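I opened my notebook to go through one protein fold from end to end. Here is what I looked up, in the order I looked.

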Amino acid sequence: MVPHASLPLSHEKRRHLRVEHNIPVKISSDHGDILTETKNLSCSGAFCRVSQRLEPMTRLKIHLLLPLRKSNKVSTKKITCQGVVVRTQAVSGQDYFDTAIFFSDIAPKDSRTISEFVESMMENKNGKFN
């Protein structure tokens, strides 16, 4: 019998947990503002459906409205950071573009807040994780 080599379960390059959750977001660029929501989020970036094509390497200002739960109360934490478009793809038959954004300049405190949000979603099973 020949031993089987272990195969990686995936070719995942992400280093941070990511939650599938719709978080309101305003994306600002030299071409104006876009209001949308995340499809998924991690402390290092977001994946959104955007109404216009944003070219890769476009610099953005990002405003997230993160719902935080403490002692059965939900409050909204506004997180502002800089981002860069890393991938954009037209969705066949739709009027939007799937857009991946890397948070290029985010305060460590805000990055921790997003990480804690993602972890709490995992613990509470309020979202899907990948």
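The entries below go from the whole chain to single residues.

**Ground rules.** I'm working with a predicted model, where local features need pLDDT of at least 70, side-chain atom pairs count only at pLDDT 80 or more, and totals for chains, interfaces and linings use all residues. Residues are numbered from 1 along each chain as its sequence is written, and side-chain values use heavy atoms, with hydrogens and water left out.

**Confidence.** I checked pLDDT, the predictor's confidence in each residue, from 0 to 100. Its mean over the protein is 84, and 83% of the residues reach 70 or more. Residues 1-14 fall below 50, and that stretch has 1 contact in the model beyond near neighbours in sequence. Contact here means heavy atoms within 4.5 Å. Residues 126-130 also stay under 50, yet the model gives them 16 contacts beyond four places in sequence.

**Layout.** I counted 1 helix and 8 strands. Both kinds are DSSP runs numbered from the N terminus: helices are H or I with at least four residues, strands are E with at least two. From the N terminus the order is β-β-β-β-β-β-β-α-β. Of the contacts with a separation of 6 or more, 54% link residues 24 or more positions apart.

**Inside.** How many of the 130 residues count as buried? I found 35%. Buried means under 20% relative accessible area, exposed over 50%, and partly exposed in between (1.4 Å probe, protein chains only). Next I looked up the largest nonpolar core, which has 25 residues. Such a core is a set of buried Ala, Val, Leu, Ile, Met, Phe, Trp, Tyr and Cys residues joined through side-chain atoms within 4.5 Å. Ile-27, Leu-41, Ile-62, Leu-64, Phe-103, Ile-114 and Phe-117 have the most contacts inside it. Strands S2 to S7 and helix H1 each supply at least two residues of this core. I picked Ile-62 to follow: beyond four places in sequence, its contacts include Val-25, Ile-27, Ile-79, Ile-101 and Phe-103.

**Helix H1.** (The expected span is 1.5 Å times one less than the number of residues.) Its buried residues are Asp-110, Ser-111, Thr-113, Ile-114, Phe-117, Val-118 and Met-121. They cover an arc of only 160 degrees around the axis, which puts them on the same side of H1. That arc is taken from the directions from the helix axis to the C-beta atoms. Pro-108, Lys-109, Glu-116 and Glu-123 are exposed on the face turned away from the buried side.

I stopped at Asp-110, which is buried with a relative accessible area of 11%. Leaving aside neighbours within four places in sequence, Asp-110 is in contact with Lys-77, Ile-79 and Thr-80.

**Two loop residues.** Ile-106 lies in the loop between S7 and H1 and counts as buried at 19% relative accessibility. Cys-43 is 63 residues away from Ile-106 in sequence, but their C-alpha atoms are 9.0 Å apart.

Met-57 lies in the loop between S4 and S5. Is Met-57 buried or exposed? At 63% relative accessibility, Met-57 counts as exposed. Its phi is near 80 degrees, a positive value in a residue other than glycine. Most residues other than glycine have a negative phi.
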